Amino acid sequence: MKGVSIFLGQQTEQEQKYYLERMKQSGFQSIFTSLHIPEDDSQMYVGAINILGQQAKDLGMSLIADVSPTSLSYLNVDIDRVDTLIEKGITGLRVDYGFSNEAIIKISKAMTVVLNASTLSYKKAYNLLDQGLIKDHCEVCHNYYPRPETGLDKDWLIETNKWLRSFGFKTMAFVPGDLTFRGPLHKGLPTLEKHRGISPFTAAKELWDQCAIDHVYIGDPAISIETSETFHQYDEEGVIVLRACLFDMDDAEYAVLNQLHRQRLDPARDVVRSETSRAYAQKGKIAITARSSNGNPSTLEQTRQVGSITIDNERYGRYQGELQIVKRELAYNPAVNIVGQVIDEDLPLIQYLKPGETFSFKQVESDKDN
């Protein structure tokens, strides 16, 4: 599952509606918002959450609100009647300090309750379940960290999520945005420190594939249309889009590159090997001519850098037509044409491509434009 974060009062009603509609179309199913309401601005927040709740209902999106006992009092909601929030479009509450075990269990009987994954102890989780927590209505969510150098360590996140999952809990975490960043620091809102400044999709794929995270939320207020389309294409078609600067190619090289590629089930150490490219070239009797410049006139004998996109040429015999992406620096090879370079921002995705996963390339002008 994927979700977005909405910060109440930061957008006009129409801007918020447009963004949520765009993200819903891109496969995002949930909204996260904070209801830690300042006393002197409580009416604005109450009005804003009513608008957001109605928008969530209209779009069929779930809405998780981070609350305190004081927040509920501003909404005129008693802990025994939290189900009335469902009518407002709020489908779950993230609770932390200030809520007793009894209150958390009551919430779980009425709607989704989300616990703070970073502060929940093994003992408290056991006690909550023992006392009647509805496990199927309970999720655990890690924090996001606005200040650089304060985000979580990956190894700690994995170990924590392993025992959380052992209780049957679904896990949630945040990745940064890439369009609008929340102030006052504007440094991104990731859960993992290593994700600060990297693309939202790359961060999300690492959380899903390696960190035992079930639900990923965009921590910042917005991501770009291009990024939302990348998420959508991965969801709908299972295709990972790699942005790349492409060099001058002849028609044969372009025909090989401009395909959907699938990484082999026996992944190589040094390169991502396209399982489909060589068969395509052989079937179409496509000949790949060797070129001394390897498609880049700046040098005659290029080292294959990390992210280089290559196609084996006629000098490689039966391997002619095989497309690869370089994962570690390799020496120049006259039997290999270098036809492009994955941009720096998408280089981590090369390492996260799994055996059998499908990928394609999207041409961009240069790294500086991204």
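I take two strands as paired if DSSP finds at least two bridges between them. Helices (H or I, at least four residues) and strands (E, at least two) are DSSP runs, numbered from the N terminus.

**Entry 1. Ground rules.** I am working on a predicted model, in which local features need pLDDT of at least 70, side-chain atom pairs count only at pLDDT 80 or more, and totals for chains, interfaces and linings use all residues. Residues are numbered from 1 along each chain as its sequence is written, and side-chain values use heavy atoms, with hydrogens and water left out.

**Entry 2. Whole chain.** I counted 12 helices and 15 strands in the protein chain. Its C-alpha atoms fill a box of roughly 75 × 45 × 35 Å along the principal axes. Of the 370 residues, 51% are buried; buried means under 20% relative accessible area, exposed over 50%, and partly exposed in between (1.4 Å probe, protein chains only). I then looked at contacts, meaning heavy atoms within 4.5 Å. Among those between residues at least 6 apart in sequence, 76% join residues at least 24 apart.

The chain exposes about 16900 Å², with carbon and sulfur atoms supplying 48% of that area. Accessible areas come from the Shrake-Rupley method with a 1.4 Å probe; for residues, only the protein chains shown count as cover. For charges I counted Lys and Arg as positive and Asp and Glu as negative, leaving out His and the chain ends. Each charge is placed at NZ of Lys, CZ of Arg, CG of Asp or CD of Glu. This gives 40 positive and 51 negative side chains, and the centres of the two sets lie 5 Å apart.

**Entry 3. The open sheet.** I traced seven strands through an open sheet with mixed pairing, in the order β10-β15-β9-β14-β12-β13-β11. β10 (261-262) and β11 (271-273) stand at the edges with a single partner strand each, so one side of each has no neighbour in the sheet. H261 stands opposite F359 in β15. Helix α9 (residues 225-237) packs on the sheet and touches β9 (239-246) and β15, its direction making about 135° with that of β9. For such angles, axes are lines fitted to C-alpha atoms, for helices over the stretch in contact, and angles run from 0 to 180 degrees between N-to-C directions.

**Entry 4. Strand β9.** How many residues of β9 are buried? Eight of the eight are, so the strand is largely enclosed by the rest of the structure. V239, V241, R243 and C245 point one way, while I240, L242, A244 and L246 point the other. I noted that R243 is buried along with the others.

On one side, β9 runs parallel to β15, joined by six bridges, and A244 stands opposite Q363 there. With β14 (residues 336-342), β9 pairs in the antiparallel sense over three bridges. Here the bridge partner of A244 is V342, and L246 stands opposite G340.

**Entry 5. Strand β14.** I found six of the seven residues of β14 buried, which leaves the strand mostly covered. β14 also pairs with β12, in the antiparallel sense, over five bridges. One partner pair is S308 with Q341 of β14.

**Entry 6. Helix α5.** Which residues of α5 (residues 101-110) are buried? They are A103, I104, I105, I107 and S108. I followed these buried residues to their packing partners, which are β4 (92-95), β5 (112-116) and α6 (122-130).

**Entry 7. Backbone exceptions.** Most residues other than glycine have a negative phi, and most peptide bonds are trans. I listed three departures.

- The peptide bond from G183 to P184 is cis, with omega near 10°. P184 sits in the loop between β7 (170-175) and α8 (200-210).
- E149, not a glycine, has a positive phi of about 80°. Its loop runs between β6 (138-141) and α7 (154-166). Is E149 buried or exposed? E149 is exposed, with a relative accessible area of 66%.
- K285, also not a glycine, has a positive phi of about 50°. I located K285 in the loop between α11 (277-283) and β12 (308-312). K285 counts as exposed, at 76% relative accessibility.
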